[in-house]
Every structure is written in C-alpha cells, then in structure tokens.
Amino acid sequence: MLDRQKIEVLKGLNLDVHQGEMLAIVGASGAGKSTLLHLIGTLERPTKGKIFFDGQDVFQMDDNDLAHFRNRKIGFIFQFHHLLPEFSALENTMMPALIQRKSKEEARKKATEILKEVGLEKRLNHKPGELSGGEQQRVAVSRALMNDPEIILADEPTGNLDQKTGETIYELLHRLNRGKGKTFVVVTHSQDLAGKMDRVVKLVDGLISMN
C-alpha cells in the first residue's frame, strides 16, 4: 500500500487582489505559483483557509454552484493554450458561452466580435494546428473573455512564445486591462513581463516574500 504523504504547498498565505489591477506572481519552480492560481480560480479546494470573492466565501458553494460561478466570473489563459484541436478558432472561443447554455447564434456573434478585436478576423475558421503560437494564444485570450469575466488568471501566458510574440500578447492583455478594466493575475517566470505589471508578489517556499 502506498504511503500518501501530504505535501504542504502554501503556508498561511494572505493575498488581496484589487479590482482592475494587473498582478504578477513570481517565484522559483515549486514555490506554489500555479497552486495559488488554481485556488484563486477555484480549480482546487484548499485543505485549510478561505478565499473570498466580492465578500463571498466561494468554497461554501457546492461543486455545481462553484462550476457555475467559475464559468461566469473567471477567465483562464494557459501557457499551452488547451485549445480543442478538432474545432476552429471561432468554435473554441464559443465554448464557455455554450457551457453557460447560451444559444449558438448568440455565442457565435460574441465570439466573432472578440476574435476581430484581437486581430483574428481572418482566422475564424482555422483550426489550432493551422495557427501560429501567438495566434493560438490570442484565441485562448478570446475564449477567456467570452463570458465577460471579472478576473482573468494567466499561467505563463508568454512562456511558450518568442520575445516579439510575447510582447504582442502582453500588449493585448494591457489593452484589455486599461480599456475594459479587466483584473489580471499572471504567473510568470519572465522578469520582463512581471516588471510591466502594476504589482508583483514573490512566492518563496509557499509564502509571500516581503523582500
């Protein structure tokens, strides 16, 4: 029988995320950055502690209500996109709205508008394999915006891109933040990207470093 020893990743951590800010989370591999992002995004439940969103303890919800909350309030952008390869850019972007049981017509119209906004109006019907890495990431950003979330969580959004393309993605996120007031929490190894954020939090061994 396997000895399933518990590993403590985050330790007594307190963090406020302010509406409309761009917050970077940095730290060495294994420091707990992605775990923190998953907890903020309600993808994982904490073994201890609470997470509040607009004054509500989100983990008081059952799994169904939590999934509904997550779909409406939170957008996710991942390093490796997680786009469905058999679907077009338009169809991938539509997914969150369809999960929310919006009509295909409504979802298609909104997805088309967002993709045009991020410069992909000529790539609507292209599948991920037909898009560059930067274009795939713009589709991922569009998908994150689909349900007009209040906060967008990004895990290494430029980590798989060259410097020039990464800069383009940052400019897009910055434009969404300043133009639409979207709140961003970004996990990154890039000091350049972190340095452009409104605030930087450093994790060291599961704790926020005050240095």
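Is Glu150 buried, partly exposed or exposed? Glu150 is partly exposed, at a relative accessible area of 33%; buried means under 20%, exposed over 50% and partly exposed in between (1.4 Å probe, protein chains only). Before the close-ups, a word on the model: it is predicted, so local features need pLDDT of at least 70 and side-chain atom pairs count only at pLDDT 80 or more, while totals for chains, interfaces and linings use all residues. Residues are numbered from 1 along each chain as its sequence is written, and side-chain values use heavy atoms, with hydrogens and water left out.

**View 1. Glu150 meets Lys73 in a salt bridge.** Their side chains come together at 2.7 Å, N to O. A salt bridge here is a side-chain nitrogen of Lys or Arg within 4 Å of a carboxyl oxygen of Asp or Glu, and the structure holds 9 of them.

**View 2. Glu21 pairs with Arg199.** This salt bridge also spans 2.7 Å, N to O. Glu21 sits in the segment before β1 and Arg199 in strand β7 (residues 199-204), so the pair ties together parts 178 residues apart in sequence. Helices (H or I, at least four residues) and strands (E, at least two) are DSSP runs, numbered from the N terminus. Glu21 is buried at 8%, whereas Arg199 is partly exposed at 26%.

**View 3. Lys196 and Glu167 form a salt bridge.** The N to O distance is 2.4 Å. Lys196 lies in the loop between α7 (191-195) and β7, and Glu167 in helix α6, 29 residues apart. Both count as partly exposed: Lys196 at 26% and Glu167 at 28%. Salt bridges that share partners join Glu167, Asp192 and Lys196 into one network.

**View 4. Helices α5 and α6 pack together.** Helix α5 (residues 133-145) and helix α6 (residues 163-180) meet at about 20°, their axes 10 Å apart. Axes are lines fitted to C-alpha atoms, for helices over the stretch in contact, and angles run from 0 to 180 degrees between N-to-C directions. That makes α5 roughly parallel to α6 (angles under 35 degrees count as roughly parallel). Look for Gly134, Gln137, Arg138, Val141 and Leu145 of α5 against Thr165, Ile169, Leu172, Leu173 and Leu176 of α6; contact means heavy atoms within 4.5 Å.

**View 5. Gly27 sits in the loop between β1 (22-26) and α1 (33-40).** At 14% relative accessibility, Gly27 is buried. Leaving aside neighbours within four places in sequence, Gly27 touches Lys33, His189 and Leu203. The C-alpha atoms of Gly27 and Leu203 are separated by 5.0 Å, though the two residues are 176 apart along the chain.

Note on methods
Angles under 35 degrees count as roughly parallel, over 145 as roughly antiparallel, 65 to 115 as roughly perpendicular and the rest as oblique.
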